Amino acid sequence: MDSEKSGEATIAIQEPKTDPKGKGIAGAPAPSVATTKTIRQQPRGGWKKGIAIFDFVLRLCAIATGLAAASLMGTTEQTLPFFTQFFQFHAEYNDLPTFMFFVFANGIASGYLILSLPFSIVCIVRPHAVGPRLFLVIFDTVVMALTIAAASAAAAIVYLAHNGNSDANWNAICQQFTDFCQQSSTAVVASFITSAMFVLLIVLSAFALRT
């Protein structure tokens with residue numbers, strides 16, 4: 001028995017120590033904890049500021065075309081030369097109420113555009129401001145409707161002046177009053193350009209408000 005006991009090898013196995021509550025292994029490396037970093041999202045105001053700057057430039061262009069339309073129509077006048085000073089044909093914008101309405105409408109539109117410039121500047125400084133942008137959308141729509149109505153009415157008169165209407169027995173007068181018709185036609189084109197700029201302004205403002 002002694003020889004057998006002396007021939008046995010004793011192998012000591014060291015078991016890992018655990019804490020009393022069995023929550024973990026003593027001496028073992030602690031599990032790594034994944035850390036999350038908070039990424040701050042930058043406010044997306046760059047493209048809105050670009051829209052506001054383009055809005056401001058477009059308003060300046062619309063002021064120029066609106067004033068050009070009003071001044072061209074307001075100075076439209078022509079007198080046909082004849083041999084006697086007592087018998088003359090004279091054409092002026094205030095002879096037609098439609099042309100007078102055209103001048104007033106484009107003058108109002110130009111004045112409004114000048115007054116709207118401070119609001120456009122506010123939108124440049126504060127691209128995320130909703131109040132000034134909403135104000136511009138509402139009043140741009142109203143003035144756009146006024147400008148389109150005036151331009152369309154004046155375009156109808158200019159068309160009759162160029163072509164006449166045989167059914168209504170209206171003769172074309174542009175063969176005689178060439179300067180009058182040319183200047184009034186240019187004013188109508190300028191007014192339609194102003195109206196197109198108003199449409200673009202409204203689309204830009206609505207897009208900025210939508211996003």
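The largest nonpolar core here has 20 residues, and M73, F99, F102, F180 and V188 touch the most other members. By nonpolar core we mean buried Ala, Val, Leu, Ile, Met, Phe, Trp, Tyr and Cys residues joined through side-chain atoms within 4.5 Å; buried is under 20% relative accessible area, exposed over 50%, and partly exposed in between, using a 1.4 Å probe on protein chains only. Bear in mind that this is a predicted model, where local features need pLDDT of at least 70 and side-chain atom pairs count only at pLDDT 80 or more, while totals for chains, interfaces and linings use all residues. Residues are numbered from 1 along each chain as its sequence is written, and side-chain values use heavy atoms, with hydrogens and water left out.

**The cores**

- Two or more residues of the 20-residue core come from each of α2 (46–74), α3 (97–125), α4 (131–163) and α5 (178–210).
- The biggest giver is α5, with 5 residues.
- V188 touches M73, F102, A151, A154, A155 and V158, leaving out residues up to four places away in sequence; a contact here is heavy atoms within 4.5 Å.
- Another core lies apart from this one, with 19 residues, including A62, C123, I124 and I202.
- As background, nonpolar side chains in soluble globular proteins tend to be buried together.

**Overall layout**

- The protein has 5 helices and 2 strands, taken as DSSP runs numbered from the N terminus (helices are H or I with at least four residues, strands E with at least two).
- Reading from the N terminus, the order is α-α-β-β-α-α-α.
- Of the 211 residues, 32% count as buried.
- Among contacts in the protein with a separation of 6 or more, 75% are between residues 24 or more positions apart.

**α3 against α5**

- These helices pack at an angle of about 40°, with axes 12 Å apart; axes are lines fitted to C-alpha atoms, for helices over the stretch in contact, and angles run from 0 to 180 degrees between N-to-C directions.
- That angle makes α3 oblique to α5, given that under 35 degrees is roughly parallel, over 145 roughly antiparallel, 65 to 115 roughly perpendicular, and the rest oblique.
- The crossing of α3 past α5 is left-handed, meaning that the near helix is turned anticlockwise from the far one by less than a right angle (clockwise would be right-handed).
- On the α3 side, the contact uses F99, F102, N106, A109, Y112 and L113, and on the α5 side F180, S184, A187, V188, S191, F198 and L201.
- The residues of this contact split into 10 nonpolar, 3 polar and no charged, with Ala, Val, Leu, Ile, Met, Phe, Trp, Tyr, Cys and Pro as nonpolar, Asp, Glu, Lys and Arg as charged, and the others, Gly among them, as polar.

**α2 against α4**

- The axes of α2 and α4 come within 13 Å and cross at roughly 35°, again in a left-handed crossing.
- A52, D55 and R59 of α2 meet R133, L136 and D140 of α4.
- The tally for this contact is 2 nonpolar, no polar and 4 charged.

**Two residues of α4**

- T147 sits in helix α4 and is buried, at a relative accessible area of 0%.
- Beyond residues up to four places away in sequence, T147 touches N106, A109, S191, T194, S195 and F198.
- V137 and I202 are 65 residues apart in sequence, yet 5.6 Å apart C-alpha to C-alpha.
- Setting aside neighbours within four places in sequence, V137 is in contact with S205, A206 and L209.
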